[in-house]
Amino acid sequence: MIHKQSQLQSRLNTRRHRKRASVMYSSINQSVRAKSKPSTLLDISMENQIPHLHECGGNGRCTTCRVRIIEGHRNLSPRTAVEKNTAHVRKWDPSIRLACQCTVHGDVEVQRLVWSSAEVNKLQLETIPEGEAEERNIVILFCDLRNFTRITSENMVFDMAHMLNRFYTVLGDPILMNNGIIYQYVGDEIVGIFGTCGGSREKNTMDAVRAALGMQYAIERLNHFELQAFGTKFRIGIGLNYGRAFVGHLGHPKHRQFTVVGDPVNVASRIQGCTKETQSKTLISKSILEGLPDGTLEIGRTFTKLLAGKTMPIELHELKDFAGVDINLQLQSSLDYVLKNELGFAQRFYKKVFERAPGLRSLFRDDMSGQERLLTHMLGGIVYSLSRPEYLKMGLRTLGKSHEKYGVKPEHYPLVKQLLIETIKEELGDFHTEKLSEAWLQALDFVTSEMMNWQSAK
Ligand code: FES
């Protein structure tokens with residue numbers, strides 16, 4: 001009898017041991033199981049093809065993998081030292097965890113808190129002090145929609161609301177893709193800020209210039225693809241300025257809001273105003289030009305203007321483009337074309353892969369739709385992370401490591417790269433140019449070489 005009982009107990013123990021922890025993702029109502037032990041929450045998402053942002057590749061260096069624990073807090077390992085530090089700086093309550101830092105020992109229910117790469121920049125605001133302002137070196141971008149009053153009078157209210165929503169979205173993306181924060185919408189104006197969390201003058205200036213050029217590309221796309229049906233064309237004017245301003249969360253104690261004040265902000269607004277009389281698309285101050293190495297930008301006309309409220313005239317320069325090919329800008333401005341039909345893109349790509357290399361089919365489990373979703377999520381994430389190369393490298397090496405685990409070999413990479421380029425060219429269609437292909441090729445060279453070199457990651 002005793003022997004039978006101990007046999008039963010041992011079977012129960014074995015079964016319990018075999019039962020893997022489950023993770024319930026509340027917002028998408030999907031439950032998955034850990035496939036290996038021990039696993040972090042992020043590992044479990046990745047193994048189960050749940051898109052889960054992890055910009056630093058699971059190294060505890062960003063906060064994009066953060067989740068809120070709804071149930072099962074005790075089934076997670078305690079905070080690591082790096083996670084403790086992050087939680088302290090950002091004043092997180094105990095329910096917020098970094099998915100890459102907690103090991104799962106039993107069932108949990110979680111909610112992912114950062115859903116898209118576009119949301120990542122908002123996280124910068126968490127480190128801005130409450131109730132006081134600090135002086136910081138920033139770049140301010142003002143973008144104005146031309147002839148707003150006339151356009152409003154010519155269009156029906158709901159059409160106008162739709163067009164404005166699209167305007168704010170497609171023009172906001174270049175700000176977000178380049179480490180900027182969308183500070184305000186003032187009527188028909190968008191205000192972007194770069195450098196709220198520090199960073200070098202050159203990096204912040206480069207980000208802002210790239211965003212301004214990206215906005216000009218974006219407005220062309222919007223006019224071409226979406227506004228033709230309304231018989232309307234949008235034009236914009238952009239002003240950029242660099243300087244020291246006060247940045248903080250200010251206001252009534254019950255309603256503080258992120259605020260940026262200072263002379264450089266007013267000057268940026270007035271520079272934007274000058275684009276109307278000079279008939280320029282983008283004007284930059286001398287401080288922007290001086291923030292970048294000589295020869296970085298292609299500059300057009302130069303103006304000397306006395307801005308309202310100033311006693312001394314200032315020099316303004318017309319920004320035309322980068323002097324050479326800027327890979328980040330090329331990729332960012334073509335991402336919408338490439339992923340205009342995300343599912344179609346992924347399906348076409350995998351069809352090519354399985355036709356040219358049927359042996360690779362066995363590396364994929366049956367859930368191809370999850371795999372397709374993951375591919376476009378990853379491609380978009382890479383383009384968004386180009387402006388944070390230090391994180392991108394870490395993320396790519398982690399990706400390389402997980403691909404090796406799935407059976408991907410170094411000899412597979414050249415074919416995958418070639419087929420991605422072919423699919424990208426097809427998606428670009430009439431908008432394909434040699435310059436764009438070259439930029440995507442260089443970017444994919446970088447991506448695959450970092451993925452293959454994951455062993456060199458520290
Ligand atoms: S902190 Fe978890 S992925 Fe960066």
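**Exercise 1.** In which sense do S11 and strand S13 pair, and over how many bridges?

Solution. This is a predicted model: local features need pLDDT of at least 70, side-chain atom pairs count only at pLDDT 80 or more, and totals for chains, interfaces and linings use all residues. Residues are numbered from 1 along each chain as its sequence is written, and side-chain values use heavy atoms, with hydrogens and water left out.

- Strands are DSSP runs of E with at least two residues, numbered from the N terminus. Two strands pair if DSSP finds at least two bridges between them.
- Locate S13: residues 282-285.
- Read the pairing. S11 and S13 are parallel, with three bridges.
- Check one bridge. Gly 239 has Leu 283 as its partner in S13.

**Exercise 2.** Find the antiparallel partners of S11.

Solution. 

- Take S8, residues 133-145. It runs antiparallel to S11, joined by 13 bridges. Phe 142 is bridged to Gly 239 of S11.
- Take S12, residues 255-261. Seven bridges join S12 to S11, again antiparallel. Gly 248 is bridged to Thr 259 of S12.
- S11 and S12 make a hairpin, with two residues between them.

**Exercise 3.** Why is strand S11 largely enclosed by the rest of the structure?

Solution. 

- Set the cut-off. Buried means under 20% relative accessible area (1.4 Å probe, protein chains only).
- Apply it to S11, residues 236-252. Twelve of its 17 residues are buried, so the strand is largely enclosed by the rest of the structure.

How values were computed. Buried < 20%, exposed > 50% of the residue type's maximum accessible area, 1.4 Å probe, protein only. Helix = DSSP H or I, 4+ residues; strand = E, 2+ residues; numbered from the N terminus.
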